[in-house]
Amino acid sequence: GAREERGAELALGRMEAPAIFMEAEFYQRNFDPREYLKEFYSMSTSREGASAFMMLNLGNLRKIFSLSEHSRGDILIDVGCGPTTYQLLSNHREMKKWLKNEAGAFHWEPKWAKKQEKLRKTVKQVLKCDVTKANPRGPVSLPPADCIVSTLCLEGACKDLATFRSALRNISTLLKPGRHLVMVTALGDTCYTQQNSNSISEAPEVVPFLSLCIFQAWAG
Ligand SMILES: C[S@@+](CC[C@H](N)C(=O)[O-])C[C@H]1O[C@@H](n2cnc3c(N)ncnc32)[C@H](O)[C@@H]1O
């Protein structure tokens, strides 16, 4: 996909994929929500790969949410929402800026204006969470979710398969029993990068595991 292409471009042109997985503190220091938005969500023609990747994700999310009654309900939790709003239409600061419609908030496509207004009214809370913790939401109590969506988060937050599996268990505690977790993930990436900052590693070990999960789901 687009991120894989960028990974290749990265390896060739700019930075090598990091040899070791960067831990959470590195992520927190180096993830720049504004740069991330510019790099991957500007929808500019110079970033065709990124736009195509987002359009593909949007199309798939729309299909999932329109097909499955199990993804309907009152409460949706977006885990690792970051600064993006496409999956709901968040990083806290960028999401909060956007929620308040503040000057300087990232400009999503004008044709989404109506949807954006609706979403501003729908989002109830933006909270810190850590998927590596048994209780990812910390001390805040939340009603159990009818659906969880998590896009491009776990592969960057988890250094290996064991952490990835436990993160899945951790976030599933936020979900009502029998309800669905909808994930968008980038199979095959080892890192992604933002302009003017270090590359952020992703866990390659996770790929065979996810491929197997997808295969099992496919095969029923
Ligand atoms: C690549 S961004 C994805 C943002 C957005 N969901 C998207 O689809 O573009 C990864 C997100 O995971 C979050 N993240 C990283 N480590 C995390 C952790 N341990 N627990 C929860 N979120 C984490 C980061 O803050 C960042 O917002």
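Leaving aside its neighbours within four places in sequence, with which residues is Leu 174 in contact? In this predicted model, the contacts of Leu 174 are Ile 77, Pro 136, Arg 137, Leu 142, Pro 144, Ala 145 and Ile 148. The chain holds 9 helices and 5 strands, and 25% of its 220 residues count as buried. Read from the N terminus, the order of these elements is α-α-α-α-β-α-α-β-α-α-β-β-β-α.

**Strand pairing**

- Strand 1, which covers residues 76–78, pairs with strand 2 in the parallel sense over 3 bridges, and within this pairing Asp 78 stands opposite Val 149 of strand 2.
- Strand 2 also pairs in the parallel sense with strand 3 (residues 175–184), here over 6 bridges, and the bridge partner of Ile 148 in strand 3 is Leu 181.
- Strand 2 is largely enclosed by the rest of the structure, because 6 of its 7 residues are buried.

**The largest nonpolar core**

- The largest nonpolar core has 17 residues, of which Val 79, Val 131, Ile 148, Leu 154, Ala 167 and Ile 171 touch the most other members.
- At least two residues of this core come from each of strand 2 (145–151) and helix 8 (161–172), and strand 2 gives the most, with 4 residues.
- Apart from its neighbours within four places in sequence, Val 79 is in contact with Cys 129, Val 131, Ile 148, Ser 150, Cys 153 and Ile 171.
- As general background, nonpolar side chains in soluble globular proteins tend to be buried together.

**The surroundings of the ligand**

- The shell around the ligand contains 18 residues, and those that come nearest are Gly 80, Gly 82, Thr 151, Cys 153 and Ala 157.
- Helix 2 (24–30) and helix 7 (154–157) each supply at least two residues of the shell.

**Two buried loop residues**

- Leu 152 lies in the loop between strand 2 and helix 7, and although Leu 152 is not a glycine, its phi is positive, at about 60°.
- Leu 152 has 21 C-beta neighbours inside 10 Å and therefore counts as buried, the cut-off for this class being 20 or more.
- Between Leu 174 and Ala 162, which are 12 residues apart in sequence, the distance from C-alpha to C-alpha is 20 Å.

- In helix 3, which spans residues 33–41, the residues Tyr 36, Leu 37, Phe 40 and Tyr 41 are buried.
- Viewed down the axis of helix 3, these buried residues fall within an arc of 100°, so they line one face of the helix.
- In general, an α-helix has 3.6 residues a turn, so residues three or four places apart point the same way.
- Ala 52 belongs to helix 4 (residues 48–67) and is partly exposed, with 13 other C-beta atoms within 10 Å.
- The C-alpha atoms of Ala 52 and Ser 42 are separated by 11 Å, the two residues being 10 residues apart along the chain.

Note on methods. Residues numbered from 1 in each chain as written. Predicted model: local features only at pLDDT ≥ 70, side-chain atom pairs only at ≥ 80, totals over all residues. Core = buried A, V, L, I, M, F, W, Y, C linked by C-beta atoms within 7 Å. Buried ≥ 20, exposed ≤ 12 C-beta atoms within 10 Å, placed from the backbone. Contact = placed C-beta atoms within 7 Å. Arc of directions from axis to C-beta. Pairing = 2+ DSSP bridges. Near = placed C-beta within 6 Å.
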